[in-house]
Amino acid sequence: MADDAAPVREPVLQPGHTLTSVTARISEVVLSGRTPRAWSAALGVSLALVALLIVSITLLLIRGIGIWGVNGTVMWGFAITNFVWWIGIGHAGTLISAILLLLRQSWRTSINRFAEAMTLFAVASAALFPLLHLGRPKFFYWLFPYPSVFGAWPQFRSPLVWDVFAVSTYGTVSFLFWYVGMIPDLATFRDRARGRFAKVFYGVLAMGWRGSARHWKRHEVAYLILSGLATALVVSVHTVVSLDFTAAIVPGWHSTLFPPYFVAGAIFSGFAMVLTLAIPLRALYGLQDFITMRHLDNMARLLLATGMIVAYGYMAELFTAWYGGDPIERSTHLDRLTGTYAPVFWLLLFCNVLVPQVFWSRRMRSSIPVLFGASILVNIGMWCERFVIVVQSLSHEYLPSMWRTYSPTRWDVATFAGSIGLFLALFLLFLRFLPSISMAEMRQLVAARPEEGGS
Amino acid sequence: MTAPFGYMAEFRTPEEVLAATRKARERGYRRMDVYSPFPVEGVAEALGFERTSVPATVLVGGLLGAAGGYVLQVGLNAVDYPLNVGGRPLNSLPAWIPIMYELTILIASLFAVLGMLALNGLPMPYHPVFNVPEFARASADRFFLAIEAADPLARLENPREFLDGLRPERTWVLEP
């Protein structure tokens, strides 16, 4: 890239920081007890959306999924669109934490913790939808192989059962990874907390961590192995999600392209969400020294790179539909370009293919409004992509007599908005009560700086 | 006064604590530990702690997960409740792969975390080092070397004098 010739790159940590200042600066975000007004306002809005979610779910449980716009033809609607979208967003957290750790990218250090938290909360929001979409959510546990009196077992050849295992494994491993990395920081909070309640709270969570050299060694080894395992996991989760589609014979779904295309889209949307969260976060808590322009620049580059992979996916999808010569596939894809849902398709092309191209320019990558705006547009674009895959394909199956459109009801929209509220509320609470930047790893950065050189 | 648990010295930098640990090991101390706010490279080796059994634990977990996933699916879908789907073989390995893969990762990760905690003896609500108020900085910006009173050499000489000779910031006697 032309930018390789750039004079001096922004550091991953602004100079002048010591072990003491890094620890004090990051822990005061939580322990000082000062709550920015913007935080309270944001939490208020999020909780209002959570209230809306609770109302929508209650109504759904009373009346059934008839309150949604789904019908016998387009039976997946918003619920599965949202599920795939949320699960995809989670991927960037694991990618930043695990893959960039294995690749020894030191810039991941200050953003990994909150990206992991984002993963967890995105998975929580995602998991809501298939459960609610079951129609009878109280029987969700039938999906697990538990010894029941029915004498029947789950059908392990079904991708929907694979999905249950993939998503629950993903949630569990993401939680373990997040918590293990946080133990030393919780010990710091325990040692610095002033109130009795805070001391006990963080003390219990820190489990008596005292920073022994032997403990650190085992911790480092376990963390490294976990990151290797999480790397293997992150490519499998969206692959399994995509198999929910490809294993069906619905035109527009039945394609070998889907697994890599879904994984790339997941990482793409995840990085967009990390940017969407990182930009207000650093402004809100004045963390510009730790989350520097270098981080934002790198994430913009990753958006551009993964955006190109996604664009290739769109191209390959249309090309194989045309070149394969199957009239049904052709008809479905033609409908995608010109039919009822064409505006959504063109919007997704604009958001996911055109918008990231601005990041070829260094000036755009260093402009906060452009970064923020583009990240929002990519989030929207990726949601539209999921919508087109789920809804448009189902609305245009083999015979004209099977064609039927879907339009969301207000409760579809309310549930989706509520899930965003749930995600934001959990994230805001995390910022307020847990270490949002890994202090132990920042200290390592400080200690290693003289040798680090310019990279 | 009861017999002390040990003796502890405070250092300012990771280099100082590493040098002090090497000197203590040369002197002949074995039952000692270093406490630091981040993993200091070389300290674990200087303490004579070269290998951990965490990786082996993870391997066992991974193998259990893979085998468990296979047995679970064959047992349920081919033996206990045979399900003929499209005439495919009842025990069709390719269809079992995704769940075996996920369970391998799940059980291996659980073993990694629980194994690490168990080997570290965590959770441990009480430890004598916490009796020193200044030890709070071990999780922020200071480095500590502690020699246990139970060390064979500590019976022959006073470790506190030895620690004082390393030019630390301060030294303490650790109450048990």
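What percentage of the 455 residues of chain A count as buried? The figure is 51%, where a residue is buried if 20 or more other C-beta atoms, placed from the backbone, lie within 10 Å of its own.

Before I continue, a word on conventions. This is a predicted model, in which local features need pLDDT of at least 70 and side-chain atom pairs count only at pLDDT 80 or more, while totals for chains, interfaces and linings use all residues. Residues are numbered from 1 along each chain as its sequence is written, and chains are lettered from A and ligands numbered from 1 in the order in which they are written.

Let me begin with chain A. Its secondary structure consists of 15 helices and zero strands; helices (H or I, at least four residues) and strands (E, at least two) are DSSP runs numbered from the N terminus. The radius of gyration of chain A, 23 Å, is close to the 23 Å given by the globule rule for 455 residues, so chain A is as compact as a globular protein of that length. That radius is taken over C-alpha atoms, and the rule is 2.2 Å times the number of residues to the power 0.38. The C-alpha trace of chain A spans about 70 × 60 × 40 Å along its principal axes.

I turn now to chain B. Here there are five helices and four strands, arranged along the sequence as β-α-β-α-α-α-β-α-β. Chain B has a radius of gyration of 25 Å, well over the 16 Å that the globule rule gives for 176 residues, so it is more spread out than a compact globule. Its C-alpha trace spans about 80 × 35 × 30 Å along the principal axes. Of the 176 residues of chain B, 43% count as buried.

How many residues of chain B are in contact with chain A? There are 51, and they meet 48 residues of chain A; two residues are in contact if their C-beta atoms, placed from the backbone, lie within 7 Å. On the chain B side, the elements giving two or more residues are β2 (32-35), α2 (43-46), α3 (54-80) and α4 (93-120). Of these, α4(B) gives the most, with 16 residues. By class, this side of chain B has 39 nonpolar, eight polar and four charged residues. In that scheme, Ala, Val, Leu, Ile, Met, Phe, Trp, Tyr, Cys and Pro count as nonpolar, Asp, Glu, Lys and Arg as charged, and the others, Gly among them, as polar.

How values were computed: A residue is buried if 20 or more other C-beta atoms lie within 10 Å of its own, exposed if 12 or fewer, and partly exposed in between; C-beta atoms are placed from the backbone.
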